Each structure stands twice: as C-alpha cells, then as structure tokens.
Amino acid sequence: FGKAAAKLHRFTGVWVSEASVRAYTEGAGAAFVAEQAAELARLLRELPPDPPGPVVQQVSVDGAMVPLIGGVWAEVKTLAIGTVIQQPDREGRLEGHAVDVSYFSRRTDVASFLQQAQLPLHQRGTARAGTVVTVNDGSDWIAGLVGTLLPEAVRVLDFPHAVEHLTLAAQATFGAGTAALVSWLEAQAHTLKHEALDPVLDALRALPVGEATDPRAAARARDASLGYLEKRRAQADYPRFRARGYPIGSGMVESANKLVVEARLKGSGMHWAPGHVDPMLALRTIEGADGWDAAWPSIARRLRHEAQTRRA
C-alpha cells in the first residue's frame, strides 16, 4: 500500500496516505466480493441458461498457504479456467495449452468453495463447452470437487506431479543427483509421456531397492509411488491425452498460486487479518486475468451506493 501511494504521487503529483490507499483497496475488494456473492445468489435462484463455452476448456484447482495475524496460516483455494488451443512444442509437436485464463480465489473450506466456484464456471460457459479437461494433482479434496462439479470432465493427473512421484522412488534407491537417478528418470518420464504407464510401473517394481543405502526406506518409497500411480491409472494416459490435444500440466493454476496469491499476500513480514484476505484476492484475480476494465464499473457502482447509504 505504501508503494502504491508513492507511485501515485510520482505519476500524478497527488499525495494519498498509505492508510487511505489500504482502506480504499480493501473497500473495493470487499465490494467485488459482495458483487460476486450477489451474482451467485441470483444464479442459484434464477438458474439462467449457461453461455456457450469453447470447444475444449481446461479447469484446474489448487491451494496455497498465506500468513494471517497471530502466526496462523490459512489455505487459499484457487480455480483457474482457460480455453485450450494447440501450439507446437520444442520438437514441433502440437500440444494443448490454455489461453484466456481467468481465476477465482477464496480463503474458505472445501464445501463453501465448491458452492462459490459455480459462479466462475457458469460465467465461462463450462457446462456448454465441447470437452472439459481437468488437470490437477492427486489431492483428494480436488478430486471430490471435480467429481461434484464436473462429473463428465476428462480427468488428467498433472504430469509434473506424476514425475515427482517417480523421482521420490528413484532418489530413495539411487540417491539424489546421481547419474543413475538422472538416466532412469529421463527414460521413465519419456515413456510415461509418449508411450504408456505400464512399462513405467514395471520399471518401478524392478528398482534395485536392495542395493539402496536404506533398503527399507527405498522399498517404502517405491511402493508409495506404485500405489499413487496405479490408483490414478486412467488419469495418467498421457499419450492418449496428447493425441487429442488435451493439456497434461496444471501450470496455469500453479502460476496463479505464485503470481496472483503469493506475490501479494505472502511477502516478507506480511500477516493478514482474515477479513482482508478475500477482498485482496478478488482484486488480484481480476488484475491477473486482465479483467479490470470489465469488473471495475460494478465495483464503482457498489462503492458509490455504499457511500450514499452511509451519508443517508
């Protein structure tokens, strides 16, 4: 807020106190939260028809921790929605990527987030999209949310998360940073992405855990990775997903965690009052998606109405 006040003075010559900038920002954010809540209530009450969606749409969900006053940490849940297009990768092969990405973030529990997420899904025409692809990590709460809101969606396990589990098993066997680890992991990641899951599972089972520095720990890591991937077998069919032009990474929501949420709410020395988190998140999501011009008129109207109400 102090930086904002300084920049305002630099470019306009107008001095505004840090406290005023904070109060106006929090008021604008609270107004947009209230606007979204009112729109959600109208949506649930009137059940208007959904707008058309794209041919292929990606929906990803994730959580990030932010610091609150008193040394408490709270999870912010973020929903990212994008239109999928195909672009060539470094090898010239077409891959699915999300563009025109929008965000919805709240500090709340899963049940409340599930209800509130209906608004951005409606606004982006998810119900009328040709194909909805949900790319997420393997968290149970995310799987539950997707199963409730998007039961017909194509579910994809985020490819880097799958590789991460392979890495944990291989590190426990070969050791971190070893040539054997790098060679094994590169081969399995290539097979997983371009060929099939079963050969990768076979390679996991064949890891020489008995030769590890700690054979028991290596065996546990191997078994954990096997269980994780076997449970999500249908979500790890990457060759089929790529052939259909579907994205296999949830980078758009992980970027939102870093750029929309953490870059503003997780700075050095920051601690937020619980009631100020959602208003800031609301503004960050529209700024992060270049949605300021579309959202600001409704925020300004609500701010004017609230000011008139106070004067009355």
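User: Why is phenylalanine 113 called buried?

Analyst: In this predicted model, phenylalanine 113 has a relative accessible area of 0%. Buried means under 20%, so phenylalanine 113 is buried.

User: What makes phenylalanine 104 buried or exposed?

Analyst: Its relative accessible area is 4%. The cut-off for buried is under 20%, so phenylalanine 104 counts as buried.

User: How many aromatic pairs are there, and why is the one of phenylalanine 104 and phenylalanine 113 called tilted?

Analyst: The count comes to five aromatic pairs. In the pair of phenylalanine 104 and phenylalanine 113, the ring centres are 6.1 Å apart and the planes stand at 40°.

User: What makes phenylalanine 174 and tryptophan 184 an aromatic pair, and of which kind?

Analyst: Their centres are 6.4 Å apart, with 50° between the planes. The limit for a pair is within 6.5 Å, and this pair is tilted. Phenylalanine 174 belongs to helix α6 and tryptophan 184 to helix α7, 10 residues apart.

User: How do you know that the charged end of lysine 193 sits over a ring?

Analyst: The charged end of lysine 193 is 5.9 Å from the ring centre of phenylalanine 159. The distance limit is within 6 Å. Phenylalanine 159 is also in a cluster with Tyr238 and Phe241, linked by ring pairs.

Conventions:
Residues are numbered from 1 along each chain as its sequence is written. This is a predicted model: local features need pLDDT of at least 70, side-chain atom pairs count only at pLDDT 80 or more; totals for chains, interfaces and linings use all residues. Side-chain values use heavy atoms; hydrogens and water are left out. Rings of Phe, Tyr and Trp (its six-membered ring) pair if their centres lie within 6.5 Å; planes under 30 degrees apart count as stacked, over 60 as edge-to-face and the rest as tilted. Buried means under 20% relative accessible area, exposed over 50%, partly exposed in between (1.4 Å probe, protein chains only). Helices (H or I, at least four residues) and strands (E, at least two) are DSSP runs, numbered from the N terminus. A charge sits over a ring if NZ of Lys or CZ of Arg is within 6 Å of the ring centre and within 35 degrees of the ring normal.
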